[in-house]
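Dear colleague,

Please find below the structure that I am handing over to you. My notes on it follow directly after.

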Amino acid sequence: MGRLDFCLRTTISALSLTLISPAWAQSTNDAPQATDDSPLGEIVVTAQRRQQSLQDVPIAVSAFSGEDLAAKQIRTTIDIPRLVPNMVGATNVGIGSANTYFIRGLGNTESIATFDPPVGTYVDDIYVSRQNANNFAFFDVDRIEVLRGPQGTLFGRNTTGGAINVILKKPADTLGGYVEAGYGAFDRWVGRASVDIPINEKILSKFSVFGSRSDGYVRNLTTGERNNGAEGYGVRGALRFLPTDNITWDVSADFIRDDSVNLPSTLIGGKLFSNTGLNTNMAPLATLVAGRKANFVLQNITKNLSITSNLEIQLNGATLSFITGYRDLNQDYLSDLFDGRYATGGFAIVNAGRFKQFSQEVKIDGSVSDTLQYTAGLFYIHEDNTTDFADVFTLDLGTFGVPLVLADRVLGNKTSAPAAYAQFNYKPTDSLTVTIGARYTSEKKTVSVAANPNPALFGVPYGSADIQAAGIPLRDRTNQLTPRVAIEYRPAQDTMLFASATRGFRSGGWNARALSAENFLQFGPEKVWSYEAGFRTELFDRTLRLNATAFYTDVNGFQVPLGFVDSTGAINFVTQNGSDFRNYGLEAEAVWVPVTGLSLFANMGLQRAKYLNPDATIVAQQTSCRSGVAASCGQGIVDPQGNLAVPQRTPRFSLAVGGTYDAMIGDYIMTPATNATYQSRNTVGSAGVPGDFVDGEWLVGASLTFKPQDGPWKIAVECANCFDNNFVASNFPPGFAFYNMPQTWQVTLGYTF
């Protein structure tokens with residue numbers, strides 16, 4: 001505790017210095033919706049499923065407007081974590097379309113459909129079930145809210161760690177739009193455009209498009225290609241119907257296509273190199289695996305169709321909403337996790353997946369009186385997923401490689417989860433608010449496996465009957481009640497104190513990557529209680545906003561996803577509820593506008609996480625390791641010395657600082673901006689192996705924007721990771737590294753009409 005106290009004092013001093021010094025600059029406007037004339041403006045968020053000022057919400061939430069996204073160089077979802085206290089994110093191994101998010105130590109590195117992410121992503125209140133395509137570019141974004149801690153009542157779908165809530169722009173009632181184009185490092189081309197077209201006063205429309213492509217930042221020494229590039233595009237159409245003053249109906253559809261592979265690489269002389277023999281011109285598994293995936297080249301192609309409808313009806317003192325969502329994702333990929341130099345790679349995974357989800361929600365929020373507000377609703381989601389996938393391991397015999405097909409199967413899984421929720425806010429006095437809420441979820445899951453007819457299969461084929469014969473059920477039903485209580489107190493107009501206790505859970509599942517039926521193990525739900533206390537305040541004539549939250553997270557049945565090579569050389573993927581998990585810490589966010597045109601921010605996170613109460617299996621592994629059995633050490637959550645490992649992706653200290661300044665030059669505005677983020681030493685693996693630790697790392701970004709005061713055009717020059725700091729962002733046992741994006745630059749031209 002002494003070290004944490006020292007870090008806290010040091011950090012508070014650093015925050016104070018940062019807010020005083022304009023040398024750290026970044027963020028044009030930290031108010032997603034400025035609704036007053038104060039220097040800070042008022043941030044309006046929907047963290048409790050209704051519009052509220054951020055300063056009135058007893059939840060740890062970070063909010064970013066569309067302007068913030070540009071100024072802070074947040075171009076895709078993977079850019080968000082570096083600016084949120086105690087949040088860590090990385091692109092998942094193998095596929096560039098999947099992000100792994102950890103908030104307060106709760107996260108998941110597995111993207112297969114029998115696993116659910118504990119950090120939920122929502123787009124216009126529609127839950128994005130599959131983590132394998134949650135890394136997407138932003139266009140038409142009004143604001144983003146990141147909610148830390150379990151959201152078991154109102155955003156209840158598996159959000160034990162937190163939620164990323166993306167709110168898209170609605171059609172405007174006037175004709176207008178913008179066009180942007182940019183060029184940058186690694187031959188990167190980007191373009192975005194949007195136009196609002198009011199058809200009449202009752203029907204408004206918006207049409208948007210974006211596209212991008214870039215060469216890879218990793219040079220392949222075997223094929224001569226560049227790896228880890230990206231190419232994609234998206235289109236969106238939105239309609240707003242206003243048949244009466246009391247009815248608003250928003251309907252939108254978008255299609256996003258992305259092709260981005262994330263391969264391991266080696267850092268040599270400040271440059272990144274790979275060796276995999278997989279390439280974009282040849283299908284190396286044509287005679288090895290079954291089905292259409294046999295024709296895949298090196299790729300990760302995701303095609304996502306999303307349709308959303310939100311019908312709002314204003315009643316007497318209430319708003320009734322019917323929220324409908326449909327998502328259809330196709331993903332075809334071939335990637336290499338072991339960077340093998342032969343044509344079939346090292347450890348190649350090939351996947352042809354189809355993932356469909358439908359959700360329906362009926363929500364009502366309003367007031368019974370001046371002292372009682374409520375939000376209540378019914379929710380239903382259904383998933384139907386099919387994954388045809390195979391694993392090919394190539395033995396390296398020095399002068400040639402021998403590909404072994406370890407598995408080739410079709411996985412099917414379905415989920416149905418109805419839920420009911422309600423939350424009440426009672427104000428016995430003007431300065432006191434008591435919140436009580438709960439959600440009840442009844443979830444049913446089924447799974448099936450069918451072996452593909454494959455004469456090249458080296459492993460043992462298995463199917464649903466074999467799994468059942470091993471005593472593993474193919475159905476799972478979970479009923480969970482997740483309550484929340486909170487209290488707010490306002491000792492002064494611009495100060496709010498709060499405390500809360502919130503329950504959350506994450507669904508159980510199956511180890512669907514198992515190479516045998518007996519390892520297709522089931523794991524149970526992860527359950528968490530989170531306790532928070534903090535304050536929201538605005539000082540110095542509302543020029544300084546300072547919000548802080550202390551938290552204590554208590555997790556039972558912690559789901560630990562593991563991937564490791566055992567003593568026989570076999571590759572194992574196992575997730576178990578092997579221990580409990582505790583984490584406590586502090587988060588602070590500050591925004592200061594000392595003079596007109598200058599806006600500074602500083603965000604800080606402290607945390608101290610650990611595993612505890614390991615089950616008998618892990619205790620036996622610890623004993624085996626300490627007795628000298630090397631195969632038991634550095635595996636699972638047992639470190640090389642036989643102790644419980646340091647939880648992954650839980651840096652004890654994180655910091656983000658920056659700001660912007662609007663400098664008037666005649667009739668023009670020049671806006672320099674910069675941001676710097678730091679995360680202390682942490683591990684990207686679960687077992688605390690020395691090679692998994694990443695030292696404290698800084699990332700610095702900067703931009704310069706030039707535009708006329710009243711003119712329609714702008715030009716911006718920017719760099720990300722300006723000092724070209726390369727470090728391991730993810731890894732795959734037994735030691736293959738996946739690095740962060742190196743230094744990039746971009747020039748952007750924009751025109752608004």
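Helices (H or I, at least four residues) and strands (E, at least two) are taken here as DSSP runs, numbered from the N terminus. The model is a predicted one, in which local features need pLDDT of at least 70 and side-chain atom pairs count only at pLDDT 80 or more, while totals for chains, interfaces and linings use all residues. Residues are numbered from 1 along each chain as its sequence is written, and side-chain values use heavy atoms, without hydrogens and water.

Confidence comes first. The chain has a mean pLDDT (the predictor's confidence in each residue, from 0 to 100) of 91, and 93% of its residues reach 70 or more. Over residues 1–35, however, the pLDDT is below 50. Where pLDDT is low, the predicted coordinates should not be read in detail.

I turn next to a sheet. Five strands form an open sheet in the order β3-β10-β11-β8-β9, with mixed pairing (two strands pair if DSSP finds at least two bridges between them). Its edge strands are β3 (61–65) and β9 (126–128). Strand β8 (residues 119–123) runs antiparallel to β9, joined by 3 bridges; T121 has V128 in β9 as its bridge partner.

V128 also belongs to the lining of the second largest cavity, as do F355, K356 and Q357, among others. Which element gives the most to this lining? That element is β23, with 3 residues. The lining residues divide into 4 nonpolar (Ala, Val, Leu, Ile, Met, Phe, Trp, Tyr, Cys and Pro), 4 charged (Asp, Glu, Lys and Arg) and 4 polar (the others, Gly among them). A cavity is a set of points, on a 1 Å grid over the protein atoms alone, where a 1.4 Å probe fits but cannot get out, and lining residues have an atom within 4 Å of a point.

With kind regards

Methods. On a 1 Å grid over the protein atoms alone, a cavity is a set of points where a 1.4 Å probe fits but cannot get out, and a pocket is an open set with protein on both sides within 12 Å along at least five of seven lines; lining residues have an atom within 4 Å of a point. Contact means heavy atoms within 4.5 Å.
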